[in-house]
Amino acid sequence: MFDSIKIAFQYITPKHLISRIVGKLAAAEAGGLTTALIKLFIKQYKVNMAEAERENPADYASFNEFFTRPLKDDARVICPNEQDLAMPVDGAMSQSGDIKHDSIFQAKGHDYSLTTLLGGKPELAAPFKNGKFATVYLAPKDYHRIHMPMDGQLTDMVYVPGDLFSVNPLTARRVPGLFARNERVVAIFNTPKGKMAMVLVGATIVASIETVWAGTVSPPVGKNVVHWQYPSEGEEAVFLKKGDELGRFKLGSTIVACFEPDMVELADYSAGDDTRLGDVFATLTQ
């Protein structure tokens, strides 16, 4: 009963307005007030500051700066085997498995469209049909930078407007098509073994989604899908190596990774299993 009330409340609240207000507050540099808020957050969510590059909460000028904190160089090890893909984020596995033609499994009783997830563009979705996917949820305590699972050349980025439902496990079980209805940024890469899509899904009070090549992609909020294409050579070309930072969330969210058919075998994660950046995410099959 209480879960149903929480979901119903999400449908009626002005999620974009609330998220943008929270984003403004999170960007504020309020001195002692900011430090107090960070300390409260660390205590509430049991954030491990021992692995942060700056362990002292007072060293962060804003909450956003703390939330997107870098880690110490030795805090994560990127799996070295060339056949292994690296887990792109700290978090918890939501779901993973086969893309059944154009359908991705969200939770019991809920699937959603691959094409819709990738911005309603059939030409971008086509290579991934009958491939593999993995959805990873980032909780408030987690490290909120996203890294590359393998080497890749950026070919496309798509901003897709949408809702800002929470992406926690409860909402994933209750809101149909959650990840294909929330605001998101899609990045498509050519890799040495096939195409890879990395989808950064927005959520309630996610103040912004950023990439290392474009900076802040959202906000501002748009009403239309926006598609950028990138060259393979020249100043605008973007090539990232396995383990390189791809982007970041200011406040938590979810990533969905998609791979071509017969490209990878996903590691044996079950729904709810913790994930750690750099661990083996998948293994190339060719």
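**Notes on the predicted model**

1. Strands E10 (residues 208-211) and E11 are paired in the antiparallel sense, with 3 bridges between them. Within this pairing, Glu-210 stands opposite Thr-216 of E11. It should be kept in mind that the model is a predicted one.

2. The E10 and E11 pair belongs to an open sheet of 4 strands, whose order is E6-E14-E10-E11 and whose pairing is antiparallel. Strand E6 (145-147) and strand E11 (215-218) each have a single partner strand, so one side of each is left without a neighbour in the sheet. On average, neighbouring strands of this sheet are turned by 25° against each other, direction ignored.

3. E16 and strand E18 (residues 280-284) run antiparallel and are joined by 3 bridges; here Glu-265 has Thr-283 in E18 as its bridge partner.

4. Which positions does UniProt give for the feature "active site"? The record, an unreviewed entry, places this feature at Asp-90, His-147 and Ser-253. Of these, His-147 lies in strand E6, whereas Ser-253 is found in the loop between strand E14 (245-250) and strand E15 (254-259).

5. Are His-147 and Ser-253 buried or exposed? The cut-off for a buried residue is a relative accessible area under 20%. His-147 has a relative accessibility of 10% and therefore counts as buried. Ser-253 has a value of 0%, so Ser-253 counts as buried too. Leaving out residues up to four places away in sequence, His-147 touches Pro-88, Met-198, Gly-243, Asp-244, Glu-245, Leu-246 and Leu-277.

6. The largest nonpolar core contains 37 residues. Those with the most contacts inside this core are Leu-85, Phe-189, Met-198, Trp-213, Phe-259 and Val-264. Elements that give two or more residues to the core include strand E5 (132-137), strand E7 (152-160), strand E8 (184-191) and strand E9 (194-201), as well as E14, E15, E16 and E18. A further core, lying apart from this one, has 21 residues, among them Leu-117, Val-158, Val-199 and Val-256.

7. When its neighbours within four places in sequence are left aside, Phe-259 is in contact with Leu-85, Phe-128, Gly-131, Lys-132, Lys-195, Met-196, Val-264, Leu-266 and Phe-281.

8. How many disulfides does the structure hold? The number is 0. A disulfide is a covalent bond between the sulfur atoms of two cysteines. Cys-79 has a relative accessible area of 9% and is therefore buried. Cys-258, at 0% relative accessibility, likewise counts as buried.

9. Some totals for the chain complete the note. Its secondary structure comes to 8 helices and 18 strands. Of the 286 residues in the chain, 54% are buried. Among contacts between residues at least 6 apart in sequence, 76% join residues at least 24 apart.

Technical notes: Residues numbered from 1 in each chain as written. Predicted model: local features only at pLDDT ≥ 70, side-chain atom pairs only at ≥ 80, totals over all residues. Heavy atoms only, no water. Pairing = 2+ DSSP bridges. Axes fitted to C-alpha atoms, helices over the stretch in contact; angles between N-to-C directions. Disulfide = S-S within 2.5 Å. Buried < 20%, exposed > 50% of the residue type's maximum accessible area, 1.4 Å probe, protein only. UniProt positions renumbered as here; feature names shortened; annotations may be inferred. Contact = heavy atoms within 4.5 Å. Core = buried A, V, L, I, M, F, W, Y, C linked by side-chain atoms within 4.5 Å.
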